[in-house]
Amino acid sequence: MNLILGIESSCDETAAAVIEGGNRVLSNIIASQVATHRQFGGVVPELASREHLDKIDTVVDQAFQKAGVDLKDIDGIAVTQGPGLVGSLLVGISYAKSLAYVLKKPLIGVNHIEGHIYSVVFENPPIVYPALALVVSGGHTTLFLMPEPEKYKVLARTRDDAAGEAFDKVAKLLGLGYPGGPVIDRLSKSGDRDAVKFAMPRMGDGKLDFSFSGLKTAVLRYVQENQIQPLTSGQQPSQQILDLVASFQNIVVKTLTHRLFEAVRQHRPKTIILSGGVACNSQLRSETNRLAEDFGAPVYVPSPILTTDNAAMIAAAGYPKLLRGEASGMDLTADVGLKLQNVDVEDAQLVRKVRYRL
Ligand code: KG4
Ligand code: ZN
């Protein structure tokens with residue numbers, strides 16, 4: 001088991017990758033649909049599935065070409081099984097099943113969240129356990145303790161909105177476009193992060209869980225009280241908007257790092273993993289790195305191309321399973337609420353919300 005083809009189509013990226021030996025990227029092709037969904041301010045599922053169908057063949061072809069590998073050379077195929085949008089997932093799964101059938105290669109269905117966790121294996125030394133993994137994206141905000149490889153204990157998760165969803169909603173409110181995370185990250189560099197005082201959400205029951213919907217409402221209230229108008233296309237943001245987004249980003253980052261380091265203090269991990277689209281955030285990256293030094297545990301953060309949705313991470317998560325001889329049957333199908341295996345939590349279902357709004 002050496003060369004694995006990964007396929008990811010759970011949301012709005014059609015992606016294929018070939019990896020070698022479980023931790024070397026030979027190709028990592030991503031066709032983003034952001035331009036299609038931007039006008040709607042979120043992902044439109046029907047459009048997403050159609051675009052996956054249009055692109056998957058080309059994307060897989062490119063992945064083989066870039067890797068310099070022939071179809072028959074691969075040893076196995078890993079595909080995202082869930083969580084995600086059913087129509088989108090089905091495109092990748094059907095494609096992967098056909099390839100596996102024709103090539104007579106083993107196929108494994110992979111959990112998208114596990115993929116995000118394993119996105120760090122390419123650019124870092126091997127993960128040392130116990131590890132802590134904070135997965136922050138548009139659909140999930142979950143903090144895992146991993147006592148050993150592929151075993152998970154959920155320490156905290158969001159009770160309402162995911163962190164990326166909060167970035168996207170605040171950006172929409174201010175007319176900053178979609179997706180909101182990258183633009184808020186960029187604009188925050190010109191704002192005063194202490195200008196607007198937002199409270200850090202805390203759980204009444206003392207749990208480490210996250211909650212971001214109250215913060216979104218606080219931003220809305222500030223916008224209304226200060227009569228801030230959303231930007232129209234081409235308009236430059238005022239200093240007031242720059243200060244507002246910098247203050248919003250600051251409190252999101254403080255909330256995430258505060259919970260992360262409370263968990264570090266309690267569990268003393270040997271490795272800290274930060275992954276998912278929001279892990280691209282420059283303030284989150286720098287603050288996590290800075291704080292990590294205090295705890296003496298290295299922080300593994302993937303480079304941006306491996307942080308947002310991609311297929312190399314799916315291949316990486318599938319690799320140890322294929323190596324053990326695990327394989328999904330030809331009855332593999334999409335599971336929108338797929339549970340992580342080996343997870344220790346009362347309700348293991350990690351709901352991945354999709355930013356769908358019209
Ligand atoms: O992991 P991902 O590509 O897709 C999901 O699985 O959801 O994450 C996308 C999310 C979006 O909400 C986007 O706004 C956010 O990641 N994001 C960021 C940044 N880049 C992407 N959030 C904050 N700062 C960024 N630089
Ligand atoms: Zn994702």
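**Reading the strands, helices and domains**

Me: Why is strand E9 called largely enclosed by the rest of the structure?

Reply: Buried means under 20% relative accessible area, exposed over 50%, and partly exposed in between, with a 1.4 Å probe and protein chains only. Five of the five residues of strand E9 (residues 271-275) are buried, so the strand is largely enclosed by the rest of the structure. Thr271, Ile273 and Ser275 point one way from E9, while Ile272 and Leu274 point the other way, and all are buried. Please keep in mind that this is a predicted model, in which local features need pLDDT of at least 70 and side-chain atom pairs count only at pLDDT 80 or more, while totals for chains, interfaces and linings use all residues. Residues are numbered from 1 along each chain as its sequence is written, chains are lettered from A and ligands numbered from 1 in the order in which they are written, and side-chain values use heavy atoms, with hydrogens and water left out.

Me: Which strands does E9 pair with?

Reply: Strands of a sheet pair through backbone hydrogen bonds, either parallel or antiparallel. Here two strands pair if DSSP finds at least two bridges between them, and the elements themselves are DSSP runs numbered from the N terminus, helices being H or I with at least four residues and strands E with at least two. Strand E6 (residues 131-136) runs parallel to E9 and is joined to it by five bridges, with Leu132 having Ile272 as its bridge partner in E9. Two bridges join E9 to strand E10 (residues 299-300), again in parallel, and there Ile273 stands opposite Tyr300.

Me: In what order do the five strands of the open sheet lie?

Reply: The order is E3-E2-E1-E4-E5, and the pairing is mixed. Strand E3 (24-32) and strand E5 (107-111) stand at the edges, each with a single partner strand, so one side of each is left without a neighbour in the sheet. Strand E1 (residues 3-8) pairs with strand E2 (residues 13-20) in the antiparallel sense over six bridges, and within this pair Leu5 has Val18 of E2 as its bridge partner.

Me: Which strands does helix H3 lie across?

Reply: For such angles, axes are lines fitted to C-alpha atoms, for helices over the stretch in contact, and the values run from 0 to 180 degrees between N-to-C directions; contact means heavy atoms within 4.5 Å. Helix H3 (residues 86-103) lies across E1, strand E4 (76-82) and E5, running at about 155 degrees to E4.

Me: Is helix H5 mostly covered or mostly uncovered?

Reply: Helix H5 (residues 163-173) is mostly covered, since eight of its 11 residues are buried, among them Phe167 and Val170. The buried residues of H5 pack against E6, strand E7 (141-146), helix H6 (180-188), helix H7 (213-225) and helix H8 (239-267). Just after H5, Gly175 takes a positive phi of about 70 degrees.

Me: How is the protein divided into domains?

Reply: Domain bounds come from an automatic or database domain assignment, which gives domain 1 (3-119 + 305-323) and domain 2 (131-301). The centres of the two domains, taken over C-alpha atoms, are separated by 27 Å, and 19 residues of domain 1 are in contact with 18 residues of domain 2. In the protein as a whole there are 11 helices and 11 strands, and buried residues make up 58% of the 358 residues.
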